[in-house]
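Welcome, and thank you for taking a look at this protein. Please have the model open beside you as you read.

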Amino acid sequence: MADRRADEISLKRRIAELGPWFHNLRIRGVETAPDHFLGDYPSFKWAAFEEAIPSDLEGRSVLDIGCNAGFYSLEMKRRNAGRIVAIDSDPHYLRQARFAAEETGCDIEFRQMSVYDVAKLEQRFDLVIFMGVLYHLRHPLLALDLLYEHVVGDHMLFQCMQRGSAQEPQLQSNYDFSEWDVFEARGYPKLFFIEDRYADDPTNWFIPNKAAVEAMLRSAGFVIKSNPEREVYLLTRGQRHYAVERPPSICPVS
């Protein structure tokens with residue numbers, strides 16, 4: 001009994017040392033962010049769309065981009081996924097994710113890298129998880145093009161914060177140069193650019209409305225298989241827009 005109590009105290013101390021946490025994980029019964037401003041995040045959000053992913057992934061490969069503390073990677077491992085590679089550009093989140101995986105006995109590969117570097121993985125994955133990343137990127141369409149080009153082999157689970165109208169407009173394939181009014185339509189695809197901060201975060205750059213999210217995904221070559229939650233989509237590979245160029249090779253500056 002005393003040993004169990006000492007172990008719990010040690011675990012809580014280590015969790016506190018690794019804080020602050022954005023993912024509220026449960027590690028051997030201890031929550032990492034019990035006072036999260038969004039509530040039990042991301043568990044409550046996952047509960048709204050978890051049925052979009054098979055309950056048994058049967059050893060399929062998974063790439064988790066912008067993994068944060070690893071919530072979705074851990075969930076995929078619980079669903080019998082095979083090789084899981086989880087990447088994030090922030091070393092703080094990766095320290096948390098490695099700790100959570102070790103404490104829960106999950107075999108997950110972690111790498112510090114950007115979404116713009118995914119070609120270096122040299123693999124297409126059965127499932128790519130791209131949740132809560134797009135609006136933090138200065139080059140969102142480039143990121144989608146790189147994912148399509150290099151790593152999405154079958155499905156992608158995608159989420160992006162949305163603001164503005166949720167209407168889905170009926171648009172023509174072309175408009176005359178003299179047409180102005182269509183751009184004022186409530187549901188026209190729009191990206192809101194944040195020059196400074198939104199929600200105290202200086203990396204919230206572009207926030208799309210629903211029509212813009214879906215148009216960007218289609219343009220990059222993805223087919224929307226389901227939309228189980230307003231911001232969440234399960235995608236498959238389709239055909240790119242005929243005018244889309246293949247993305248350039250991106251190499252680190254030496």
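**The overall picture**

This is a predicted model. The protein has 6 helices and 11 strands. Along its principal axes, the C-alpha trace spans about 80 × 45 × 35 Å. A compact globule of 254 residues would have a radius of gyration near 18 Å, and the value of 20 Å for the protein agrees with that. Buried residues make up 47% of the 254 residues. Among contacts with a separation of 6 or more, 60% are between residues 24 or more positions apart. The protein exposes about 13,900 Å², and 49% of this area is supplied by carbon and sulfur atoms.

A probe the size of a water molecule, rolled over the atoms, shows where empty space is left. The largest pocket has a volume of about 1,100 Å³. Of the 39 residues lining the largest pocket, Phe 22, Gly 132, Tyr 135, His 136 and Asp 201 are the closest to its centre. Helix H2 (43–46) and strands S3 (62–65), S4 (84–88) and S6 (125–131) are the elements that give two or more residues to the lining of the largest pocket. By class, this lining has 21 nonpolar, 10 polar and 8 charged residues.

The second largest pocket has a volume of about 410 Å³. It is lined by 16 residues, and the closest to its centre are Leu 171, Pro 189, Ala 211, Ala 215 and Arg 218. Which helix gives the most to the lining of the second largest pocket? That is helix H6 (residues 210–219), with 6 residues. The lining of the second largest pocket divides into 9 nonpolar, 3 polar and 4 charged residues.

**An enclosed helix**

Now turn to helix H3 (residues 71–78). Of its 8 residues, 6 are buried, so H3 is largely enclosed by the rest of the structure. The buried residues in H3 are Phe 71, Tyr 72, Ser 73, Leu 74, Glu 75 and Met 76. Their cover includes H2, S3, S4, helix H4 (91–104) and S6. After H3 comes Asn 80, with a positive phi near 70°.

**Arg 138 in its loop**

Arg 138 sits in the loop between S6 and helix H5 (140–150). Leaving aside residues up to four places away in sequence, Arg 138 touches Tyr 116, Phe 193, Trp 205 and Phe 206. Leu 191 is 53 residues from Arg 138 in sequence, and their C-alpha atoms are 12 Å apart.

**Backbone details**

Most peptide bonds are trans, and most residues other than glycine have a negative phi. The table gathers some details of the other kind.

| Site | Feature | Value |
|---|---|---|
| Gly 19 to Pro 20 | cis peptide bond | omega near 0° |
| Tyr 41 to Pro 42 | cis peptide bond | omega about 5° |
| Glu 122 | positive phi | about 50° |
| Ala 199 | positive phi | about 55° |

Pro 20 is in the loop between helix H1 (2–17) and strand S1 (26–27), while Pro 42 is in the loop between strand S2 (30–31) and H2. Glu 122 lies in the loop between strand S5 (109–112) and S6, and at 74% relative accessibility Glu 122 counts as exposed. Ala 199 lies in the loop between strands S8 (191–193) and S9 (206–208); at 62% relative accessibility, Ala 199 also counts as exposed.

How values were computed. Residues are numbered from 1 along each chain as its sequence is written. This is a predicted model: local features need pLDDT of at least 70, side-chain atom pairs count only at pLDDT 80 or more; totals for chains, interfaces and linings use all residues. Side-chain values use heavy atoms; hydrogens and water are left out. On a 1 Å grid over the protein atoms alone, a cavity is a set of points where a 1.4 Å probe fits but cannot get out, and a pocket is an open set with protein on both sides within 12 Å along at least five of seven lines; lining residues have an atom within 4 Å of a point. Grid points are joined across faces, edges and corners, and a volume is the space filled by probe spheres set on the points. Helices (H or I, at least four residues) and strands (E, at least two) are DSSP runs, numbered from the N terminus. Ala, Val, Leu, Ile, Met, Phe, Trp, Tyr, Cys and Pro count as nonpolar, Asp, Glu, Lys and Arg as charged, and the others, Gly among them, as polar. The radius of gyration is taken over C-alpha atoms; the globule rule is 2.2 Å times the number of residues to the power 0.38. Buried means under 20% relative accessible area, exposed over 50%, partly exposed in between (1.4 Å probe, protein chains only). Contact means heavy atoms within 4.5 Å. Accessible areas come from the Shrake-Rupley method with a 1.4 Å probe; for residues, only the protein chains shown count as cover.
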